[in-house]
Structures are given as C-alpha cells and as structure tokens.
Amino acid sequence: MVEVYAEYDPETRGGNTPDGRKVRGTIHWVDAENALDATCNLYDNLFTEADPEADGRDFLDCINPDSLKIVEGCKAEKAIADFEAPAYFQFMRTGYFCIDPDSSKEKMIFNRSVSLKDGFKKK
C-alpha cells in the first residue's frame, strides 16, 4: 500500500491565489477503496506517420504496433457505472473516453477516442 500525505489549500482552487502564489499542478484522484474497477482501451494513431503513403511508401509499413493498449485494473468513480453506451467522459489529463458497447456494470470498459496530446510532430 502507498500513502500520500498532502494538504488541501482552498485558496489555490482554479490556479489563482489572492496572495500571488503560483500553483504548479493539481492532483486528481479516486479513492481506490471506493472505486470501480475498469478496463481502458487506449487507442492511438493507427499509423506511425501522418501520411503513411508519402514518397510511394506502402502504408502497411507504417502500421503502429502500439495503436491499441488495453489497461486492466483502472479506477473510476462508482457513479460512472450508472451510465450506458454511448455516454462519454473526459478522464482528467488523459483524454476523452466513451463506454464500450460490451461494457456492463460488472465489467466497465472505456474506449479512448481522443488523447489530449497530438502524437504527430508538426513540420
């Protein structure tokens, strides 16, 4: 078990403080003891290149082997089990997720549809 000791300062809510302190980050958490276990399917770019057929390449050579990562044992707030597909959510600092049609209250499955970061570098 891991314990985290922290202090809550309500003056820092929203990142602005009356005394001018800089807030360097916000912690979002779910209490593991009271959380729902879930599976998250993390979909990423299907191709490793923005234009997989550029310069005459075979697009199959640019398939991203990590375009789907399945993460078991994720934690979510229990209230989320009351929703059904096609409900969607923003999971803090991760991306946008929708409930998988094969999901049930006993086995919640979420599919990431949009990451909060773009994986392709602009040229």
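Which side chain of opposite charge is nearest to Asp-100, and how many Å away is Lys-107?

## A buried charge without a partner

The nearest side chain of opposite charge to Asp-100 is Lys-107, 9.8 Å away. Asp-100 is buried and has no salt bridge. Buried means under 20% relative accessible area, exposed means over 50%, and partly exposed lies in between (1.4 Å probe, protein chains only). A salt bridge needs a side-chain nitrogen of Lys or Arg within 4 Å of a carboxyl oxygen of Asp or Glu. Lys and Arg count as positive, Asp and Glu as negative; His and the chain ends are not counted.

Asp-100 sits in the loop between strand S4 (95-99) and strand S5 (108-115). Strands (E, at least two residues) and helices (H or I, at least four) are DSSP runs, numbered from the N terminus. Neighbours within four places in sequence aside, Asp-100 is in contact with Asn-41, Ala-85, Ile-109, Phe-110 and Asn-111. Contact means heavy atoms within 4.5 Å.

## Basis of the model

This is a predicted model: local features need pLDDT of at least 70, side-chain atom pairs count only at pLDDT 80 or more, and totals for chains, interfaces and linings use all residues. Residues are numbered from 1 along each chain as its sequence is written, and side-chain values use heavy atoms, with hydrogens and water left out.

Side chains of opposite charge can pair when their charged atoms come close. The salt bridge count is 5. One of them joins Arg-21 to Asp-9, with the closest N and O atoms 2.8 Å apart. This pair links distant parts of the chain, 12 residues apart, although both residues lie in the segment before strand S1 (35-43).

Arg-21 also forms a salt bridge with Asp-19, where the closest N and O atoms are 2.9 Å apart. Arg-21 counts as partly exposed because its relative accessibility is 39%. Asp-9 is partly exposed at 25%. Asp-19 is exposed at 53%.

## The bridge at Lys-107

Lys-107 forms a salt bridge with Glu-72, the closest N and O atoms being 3.8 Å apart. Here too the pair links distant parts of the chain: Glu-72 is in strand S2 (residues 68-77), Lys-107 is in the loop between S4 and S5, and 35 residues separate them. Glu-72 is exposed, because its relative accessible area is 53%. Lys-107 is partly exposed, at 43%.
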